[in-house]
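Work through the following exercises with the sequence and the model side by side.

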Amino acid sequence: MPTTAARLTDSGRTVIISASYRTDIPAFYGDWFQARLEAGFCRVANPYGGPESLVRLDAEAVQGFVFWTRNSLPFTPVLEALSRRGTPFVVQYTITGYPRPLERSVIEGKRAIAAVRELARRYGPKAVVWRYDPVFLTSLTPPAWHLSQFERLADELAGACDEVVLSFAQIYAKTRRNSERAARDHGFTWWDAEPEVKATLLTSLAETARQHGMTPSLCSQPDLLSASLTPARCIDGERLSAVAGRSISARIRGNRPGCLCAQSKDIGAYDTCAHGCVYCYAVRSQSLGKRKQRAHDPVAERLG
């Protein structure tokens, strides 16, 4: 890594890198990530203002990676390279199979399921976590639809992963705006259900998960926790340790109420995902995400 970069790091401690809950790096930015991996560092814009940070990506600085994606296929060479260098990783893989008006550009469910099974075959079932997340209630996807869809997916993913992460959609202002626009364009309705309805549906999904050999966990929604659900640790030092075959120390430092994630550094950027999911918390509009993805420079030191 360049000496100038080394001088700018905030510490020499090893860290877990999150890539990324702000965007889908494996699906859209594999070339950029590979280039930054070879350079040994990247820069990350502060999404709340303030100076950018520099994050080391060399093997001495990184304890492991957690990748978040809906399509790992373009990222296959990168994962192979990380495996060769001995850096452990976990892939948080979202598969919901929602109708196209809700998920405009997500790959077909069968391809995603096949990708998860291949990840498990190559790197072990501890290296991949299924996310049925978020649960979004619409006239296209009412509770009964979720019960049927989740059981079908769980049946096809059984044996490939040992955990499924659940959560209900958080209705932020951008979520409401994008969902209302899509509802007008495609003729459906959507709603944020009462807590009792959510809890009932989650309990049923959790039971189905257990029947298929998966631990059901709930991401950062403590008000909906029950005896049937474990609090999720999406960035999980214990899971990374199991993948690595050695102990990885990780202090719990969640980023919102109910979050039990280990301390990490996220290297993504908001408003850069081009999947076009109407319920997304990380993109202000579908057109903006696609525009930024097309304009991205793969040799830039930072993503956005």
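**Exercise 1.** Leaving aside its neighbours within four places in sequence, which residues is Ser241 in contact with?

*Solution.* Begin with the ground rules: this is a predicted model, in which local features need pLDDT of at least 70 and side-chain atom pairs count only at pLDDT 80 or more, while totals for chains, interfaces and linings use all residues. Residues are numbered from 1 along each chain as its sequence is written, and side-chain values use heavy atoms, with hydrogens and water left out.

With contact meaning heavy atoms within 4.5 Å, the partners of Ser241 are Arg246, Ser247 and Ile248. Finally, Ser241 counts as buried because its relative accessibility is 15%, buried being under 20% relative accessible area, exposed over 50% and partly exposed in between (1.4 Å probe, protein chains only).

**Exercise 2.** Locate Asp24, and decide whether Asp24 is buried or exposed.

*Solution.* Asp24 lies in the loop between β1 (15–19) and α2 (25–28). Its relative accessible area is 4%, so Asp24 is buried. Setting aside residues up to four places away in sequence, Asp24 touches Tyr29, Trp68, Thr69, Arg70, Asn71, Cys273 and His275. As a distance check, the C-alpha atoms of Asp24 and Val299, which are 275 residues apart along the chain, are separated by 17 Å.

**Exercise 3.** Describe how helix α5 and helix α6 meet.

*Solution.* Helix α5 covers residues 109–123 and helix α6 residues 143–157, and their axes come within 10 Å and cross at roughly 35°; axes are lines fitted to C-alpha atoms, for helices over the stretch in contact, with angles running from 0 to 180 degrees between N-to-C directions. Ile113, Val116 and Arg117 in α5 meet Leu153, Glu156 and Leu157 in α6. The residues of this contact divide into four nonpolar, no polar and two charged.

**Exercise 4.** What radius of gyration would a compact globule with 304 residues have, and what does the protein have?

*Solution.* The radius of gyration is taken over C-alpha atoms, and the globule rule is 2.2 Å times the number of residues to the power 0.38. For 304 residues a compact globule would have a value near 19 Å, and the protein has 19 Å, which agrees. The C-alpha atoms fill a box of roughly 55 × 40 × 35 Å along the principal axes. To complete the picture, the protein has ten helices and twelve strands, and 52% of its 304 residues count as buried.

Note on methods
Helix = DSSP H or I, 4+ residues; strand = E, 2+ residues; numbered from the N terminus. Nonpolar A, V, L, I, M, F, W, Y, C, P; charged D, E, K, R; others polar.
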